[in-house]
Amino acid sequence: MVEWARGKVIKRLGGKDNVKKYKLPEAARGRLLRWFDGNKRDLPWRKTSDAYKIWVSEIMLQQTQVSTVIPFYRRFVEEFPTCAALAAASGDRVLQFWSGLGYYSRARSLHRAAREIMRNHAGRFPSLFGAALGLPGVGRYTAGAVLSIAYGKPFPVLDANVMRVFARLFALRRNLKDAAVQKELWAAAEDLISVERPGDWNQALMELGALVCVPENPRCRNCPVRGACRARRRGLENALPDTGKKPAGVPVVLSCLLAGQGGKLLLEKRPKDARFLPGHWGLPEISPLKAPVQEPVLTVRHCITRHNIRLGVYRSAVPKPFPSNYRWVARENLDRYLVSSLWKKVLAGYSSSLKSSRSPAE
Ligand code: SF4
């Protein structure tokens, strides 16, 4: 018999308002957990109860698909098998193993948090919610996920999958981007969580959203909670959720220099307060207003979050004076320095333009 956390959790975490409409019959809740037991994907971070590894997976999974994360996760935890190993690594080394995953601020926060855990939490991801929330890069979702999955504590999660499942299960017609709606859904998630199996409950909701209650054409016939689903009963499963209109992308124009010498390329360590890719190595950026008058040798388009970047690459002589954050890097070592997909696109585009024009590399 599964014991549910109703009332208790709400009292502890607050937020009673409006949760009455988010009720799920006990039978449906049991079916969801049994469905998860029999259908959950075989994922590497599900084979461990190590809070550190679960935390790494949760950070990698933010904004990134499971199939993309798997090889990165495997390489990362092989290289940094413990929080101590991650804390002891250099920032550049950590970024190198994050290379290609994007959203690099996640890697930097993870690294800073690992050092903080070594300093203040005896090397163990904290089991207290408030302490977990105090770590860099750990928000309510991540704290809830790690504490429930690794330590069996009844803290809920609310990500895009869970919000979509709730919106359909409870036929919620309001815009999910609305802050008041999100507050209400967090309270509902607290109300619904299983005290006995909080980690499985949270993962079951997310797995249902990922595999069955998918954004387009939900597979209601295979859904373990279809009998309790109000959207399905009212024929609204394809109309919900209301996510509002997508904000338009923000156009950004950047310019950078391509300066080579003796088989080496000039790179710049970007300032920590750079708008994009702070602290990364990249081609030296210049103000678009100072870009050379000639046409760029290459133009690359790339998206970072909601910014649509158009990057012009200009061939240039070595700038004088030579700034201290510039460095000559041999071509065979560029992969270790240029970890962002933006710079990989530049290198790939430049190599193919060289092949087609048959001009010398430098
Ligand atoms: S019945 Fe359909 S819409 Fe309702 S929760 Fe299941 S998959 Fe989603």
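Author: A residue counts as buried if 20 or more other C-beta atoms lie within 10 Å of its own C-beta atom, as exposed if there are 12 or fewer, and as partly exposed in between. The model discussed here is predicted.

Reader: What is the mean pLDDT of the protein?

Author: The pLDDT is the confidence of the predictor in each residue, from 0 to 100. In this protein 89% of the residues reach 70 or more. Residues 1–16, however, stay under 50, and the pLDDT is also below 50 over residues 358–362. Over the protein, the mean pLDDT is 88.

Reader: What share of the residues in the protein is buried?

Author: The protein holds 15 helices and eight strands. It has 362 residues, and the buried part of them amounts to 33%.

Reader: Which residues of α3 are buried?

Author: Ten of its eleven residues are buried, so the helix is largely enclosed by the rest of the structure. What covers these buried residues includes α4, α5, α7 and α9. The buried residues themselves are Ala 51, Tyr 52, Lys 53, Ile 54, Trp 55, Val 56, Ser 57, Glu 58, Ile 59 and Met 60.

Reader: Which residue just after α3 takes a positive phi?

Author: The residue in question comes just after the helix, and its phi is about 65°. The residue is Gln 63.

Reader: Which helix gives the most residues to the shell around the ligand?

Author: The ligand is surrounded by 15 residues, the closest being Cys 213, Cys 220, Cys 223, Cys 229 and Glu 237. By class, the shell has ten nonpolar, no polar and five charged residues. Helices α10 (160–169) and α13 (230–233) each supply at least two residues of the shell. With three residues, the helix that gives the most is α10.

Reader: Which residue of β7 is the bridge partner of Val 253?

Author: Strand β1 spans residues 250–258, and β7 spans residues 307–315. Within this parallel pair, Pro 251 is bridged to Asn 308 and Leu 254 to Leu 311. The bridge partner of Val 253 is Arg 310.

Reader: Which residue in the hairpin of β6 and β7 takes a positive phi?

Author: In the antiparallel pair of β6 and β7, Leu 298 stands opposite Val 313. The hairpin has two residues between the strands, and the phi in question is near 45°. The residue that takes this positive phi is Thr 305.

Reader: Where in the chain does Tyr 103 lie, and is Tyr 103 buried, exposed or partly exposed?

Author: The place of Tyr 103 is in the loop between α6 (91–98) and α7. There are 14 other C-beta atoms within 10 Å of Tyr 103. A residue is buried at 20 or more and exposed at 12 or fewer, so Tyr 103 is partly exposed.

Reader: What is the C-alpha to C-alpha distance in space of Tyr 103 and Ile 304?

Author: In sequence, Tyr 103 and Ile 304 are 201 residues apart. In the protein, 70% of the contacts between residues at least 6 apart in sequence join residues at least 24 apart. From C-alpha to C-alpha, Tyr 103 and Ile 304 are apart in space by 7.8 Å.

Conventions. Residues numbered from 1 in each chain as written. Predicted model: local features only at pLDDT ≥ 70, side-chain atom pairs only at ≥ 80, totals over all residues. Pairing = 2+ DSSP bridges. Helix = DSSP H or I, 4+ residues; strand = E, 2+ residues; numbered from the N terminus. Near = placed C-beta within 6 Å. Nonpolar A, V, L, I, M, F, W, Y, C, P; charged D, E, K, R; others polar. Contact = placed C-beta atoms within 7 Å.
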